[in-house]
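Here is a short report on one predicted model. Have the sequence and the coordinates open while you read.

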Amino acid sequence: MNETLLKLWADNPDASNDVVIVLAHDSEDTSPVSLGMVGYEPIPFQSGMFKATMTGAALLRLAERKEVEDITPDEEATIL
Amino acid sequence: MAESKRFVVTYVKQEVTSASAARTIGVSKTRFHEGMSLLESDAEYEAKDVLHFEEIGVTVATLTEEKAEELKSAAAVAEVVEDFEVFALGAEAPGMGGGSFFDNLGSPDSYPQGYWADDVGIQALASDQDTCPPGSRRFCIRLAPWMPPICFCLPGAPSPAPGPPVPPPSNQPLPWNIKMVGADQVWNRVTGSGVKVAILDTGIDDDHPDLTVSGGVSMVPGATSWDDDNGHGTHCAGIVGARNNTTGVVGVAPGCDLYAVKVLSGAGSGRLSWILAGMGWAEQNGIDVASMSLGSNVNSPDAECTLAYQRAAERLNRAGCLVIAAAGNNGRANNPWVGNPARCAGFMAVAAVDKNRDLAAFSSQGPASLCGNCGVEISAPGVSINSTVPGGGLGVKSGTSMACPHVSGAAALLKELHPTWTPDRIRARLRATASDLGAPGDDPGYGSGLLDCRRAVFG
């Protein structure tokens with residue numbers, strides 16, 4: 001997990017963040033609900049990946065779960 | 001003791017495993033040898049050895065006459081005939097006397113009358129090469145003069161000899177960039193036919209007279225069609241596969257099947273989640289090459305790849321799809337490093353060169369030594385590239401976005417020639433046959449060098 005992001009979420013626990021959550025390879029059957037996620041959406045055609053809008057505090061809790069391999073901002077890419 | 005002879009057993013089924021054949025003829029499976037492999041290796045074999053041709057349902061074995069008679073009435077056996085004395089027929093193939101059986105077969109044209117391979121009991125026949133898929137060779141054998149030939153395709157054919165370039169129709173000048181990568185020099189052999197190339201971008205203009213789009217999808221919220229509302233995707237699509245007709249330009253692989261996967265909005269940007277969905281669609285729809293002229297910058301040479309990109313690319317690779325990405329346009333900046341997703345494992349990062357083969361100033365750089373797998377792998381033209389734009393016309397654009405689809409087209413050419421090759425093998429072939437530029441060998445700017453379709457296809 002990206003240390004800079006963890007610090008950002010810790011410093012802004014109430015701020016809202018659009019993220020992509022990647023489950024660990026052996027946890028693809030894990031329900032997002034069982035991870036405490038609400039308002040999530042599966043990413044079409046990508047099992048084990050979800051997008052969600054969550055507070056920094058919620059993301060910090062999620063980052064500690066062993067079923068979660070990575071959390072990254074739903075960042076923007078552009079034409080090159 | 002009953003006399004033993006060599007018999008040819010032909011089964012009812014055309015494909016029979018050695019285990020099944022061993023049970024049928026009552027000979028230990030340990031004596032079985034895969035016939036083609038043994039012949040190809042030129043290895044010695046003894047009378048007790050059984051040659052089994054699984055793909056054509058034939059076994060050649062030493063049997064007693066009683067056993068042979070018994071087999072003739074077996075339900076699984078179509079015919080049992082005594083092996084025959086081998087003799088030469090017609091012209092001997094050029095080059096016989098050294099090398100393996102199949103090496104000696106040479107081109108089908110070189111033995112128009114057929115010949116008998118000494119002590120094997122198989123006649124190799126001239127055959128119609130075009131009935132086999134690219135990357136394989138067709139062989140026909142006859143096990144006895146009175147038997148009909150049995151034909152099959154073998155993978156792993158040697159690269160064909162280069163033929164003369166086939167110029168596009170005279171009404172269509174050859175773009176300098178297509179000429180620079182040598183694409184026109186392989187169209188007499190491959191055009192990307194039957195290979196599915198997805199352009200993950202702003203969409204493709206389906207009405208453009210120089211493009212044929214086989215299908216697509218939009219992952220952009222609010223955009224219900226994969227039509228191009230920006231122009232970037234249509235431009236990239238033309239570089240990959242503009243048709244070889246009498247209008248517009250021609251792409252690297254003019255015969256490929258183009259798919260529009262809209263993951264960027266009309267503003268030319270898109271969210272990671274949209275792009276991941278597009279990559280997943282490509283996996284689900286059997287795409288062979290994914291061309292991704294998009295990305296974001298990173299702030300340090302050893303910045304981490306976005307894991308979600310890597311996971312999605314690895315899935316595509318496992319599904320047989322090569323993923324190619326633009327290295328980035330940050331070369332002039334203080335952080336000129338290859339961006340996301342090109343820096344992730346599973347992506348082949350492409351840099352841009354100009355008409356003089358010089359690295360474009362904007363082209364982002366590695367080096368891979370600083371970050372594992374994040375460096376530039378190969379270079380292609382990316383400055384002042386003329387290609388298709390929405391509305392039916394042409395336009396000039398620059399960027400590593402334009403370099404990327406050249407490599408995607410080249411991958412399609414190789415995929416047509418070698419349909420069984422894995423993405424990694426195609427990737428390695430493209431790199432190994434690139435023309436070295438910059439510092440000798442791999443370097444942070446050019447990677448392996450300039451894409452060379454002619455060398456990639458013909459060696």
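L23(A) faces V68(A), a residue of strand 4 of chain A. Strand 1 of chain A spans residues 16-23 and is joined to strand 4 of chain A by 5 bridges. The two run antiparallel.

These strands belong to an open sheet of 4 strands in chain A. Its order is 2-3-1-4, and the pairing is antiparallel. Strand 2 (41-42) and strand 4 (68-73) of chain A are the edges. Each has a single partner strand, so one side of each lacks a neighbour in the sheet.

| Helix | Residues | Strands of chain A touched | Angle |
|---|---|---|---|
| Helix 7 of chain B | 272-284 | strand 1, strand 3, strand 4 | about 30° to strand 1 of chain A |

**The cores**

Nonpolar side chains tend to be buried together in soluble globular proteins. The largest nonpolar core here has 120 residues. A290(B), I324(B) and V350(B) have the most contacts inside this core. Helix 10 of chain B gives the most to the core, with 10 residues. Another core, of 20 residues, lies apart from the largest one. Its members include V9(B), Y11(B), V60(B) and V80(B).

What does A290(B) touch, leaving aside neighbours within four places in sequence? Its contacts are A198(B), L200(B), M279(B), A282(B), L316(B), C321(B), V323(B) and I324(B).

Helix 10 of chain B covers residues 400-417, which makes 18 residues. From first C-alpha to last, helix 10 reaches 26 Å. That is close to the 26 Å expected at 1.5 Å a residue. Is helix 10 of chain B mostly covered or mostly open? Mostly covered: 18 of its 18 residues are buried.

**K5(B)**

K5(B) sits in strand 1 of chain B, which runs over residues 4-11. Is K5(B) buried or partly exposed? K5(B) has 14 other C-beta atoms within 10 Å, so K5(B) counts as partly exposed. A residue needs 20 or more to be buried, and 12 or fewer to be exposed. Not counting residues up to four places away in sequence, K5(B) touches T62(B), E65(B) and E82(B). From K5(B) to A312(B) the C-alpha to C-alpha distance is 59 Å. In sequence, these two residues are 307 residues apart.

Note on methods. Residues are numbered from 1 along each chain as its sequence is written. Chains are lettered from A and ligands numbered from 1 in the order in which they are written. This is a predicted model: local features need pLDDT of at least 70, side-chain atom pairs count only at pLDDT 80 or more; totals for chains, interfaces and linings use all residues. The expected span of a helix is 1.5 Å times one less than its number of residues. Two strands pair if DSSP finds at least two bridges between them. Two residues are in contact if their C-beta atoms, placed from the backbone, lie within 7 Å. Axes are lines fitted to C-alpha atoms, for helices over the stretch in contact, and angles run from 0 to 180 degrees between N-to-C directions. A nonpolar core is a set of buried Ala, Val, Leu, Ile, Met, Phe, Trp, Tyr and Cys residues joined through C-beta atoms within 7 Å.
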